[in-house]
Amino acid sequence: MNGEQEIRALIGSWLADEDVADPPPQEGTPPPARDGGALPVRDSGAREVAEAARRLALRGLAGERASEQQGAPGQPGQPGPAESAESAGPLGGLPDGLPEVPDALYRIARGLVVDEHPSAWRWTRAERNEVARWVALLMHRFGEDGVQELVAEFPPR
């Protein structure tokens, strides 16, 4: 195992054994006031964040052009998050032919990236799930560098 795989396995084992202390934000409920912790990004819509994560995650794949032509989940021609998020598991809305992403990585993306976005409290559960699916793929392919690239797409104003 390389270092990155060991880190993923360790964090995945933590997630499997422990409950997350802070629940994900409820739809329409502003986050509690806290010192730090939130991502240093501007307010953004879920679709905008999902599109950026999708574009970054798919770069360099042989099927990237076909996926772009078909659209991302939630766009015409693809199942939306409401259709796929509950029935097909956490990564159910991704196009066929992409690398398999461990469910633990999806939970990490959801807890450490998506739920820390300052706009996430306004997103629906389905929107947060869609963003988390793309962020998980981005993390799977590019690790922390991918997350940093996504954060850089939304500089604070």
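I start with the order of elements. From the N terminus, the chain runs α-α-α-α-α-α. My tally of secondary structure is six helices and zero strands. I keep in mind that this is a predicted model.

Next I looked up burial. The chain has 157 residues, and 40% of them are buried. I also checked the surface.

Then I turned to contacts along the sequence. I took those between residues at least 6 apart in the chain. Of these contacts, 77% join residues at least 24 apart.

The core came next. Which residues have the most contacts inside the largest nonpolar core? I noted Trp123, Val131, Trp134, Val135, Leu137, Met139 and Leu150. This core holds 32 residues. Three helices each supply at least two residues to the core: α2 (46–58), α5 (103–114) and α6 (125–152). Which helix gives the most to this core? It is α6, with 11 residues.

Last, I went through the rings. How many aromatic pairs does the count give? It comes to zero, with ring centres required to lie within 6.5 Å for a pair. I did find a charge over a ring. Arg59 sits over the face of Phe142, 3.9 Å from the ring centre. For scale, I noted that the cut-off for such a charge is 6 Å from the ring centre.

Conventions
Residues are numbered from 1 along each chain as its sequence is written. This is a predicted model: local features need pLDDT of at least 70, side-chain atom pairs count only at pLDDT 80 or more; totals for chains, interfaces and linings use all residues. Side-chain values use heavy atoms; hydrogens and water are left out. Helices (H or I, at least four residues) and strands (E, at least two) are DSSP runs, numbered from the N terminus. Buried means under 20% relative accessible area, exposed over 50%, partly exposed in between (1.4 Å probe, protein chains only). Contact means heavy atoms within 4.5 Å. Rings of Phe, Tyr and Trp (its six-membered ring) pair if their centres lie within 6.5 Å; planes under 30 degrees apart count as stacked, over 60 as edge-to-face and the rest as tilted. A charge sits over a ring if NZ of Lys or CZ of Arg is within 6 Å of the ring centre and within 35 degrees of the ring normal. A nonpolar core is a set of buried Ala, Val, Leu, Ile, Met, Phe, Trp, Tyr and Cys residues joined through side-chain atoms within 4.5 Å.
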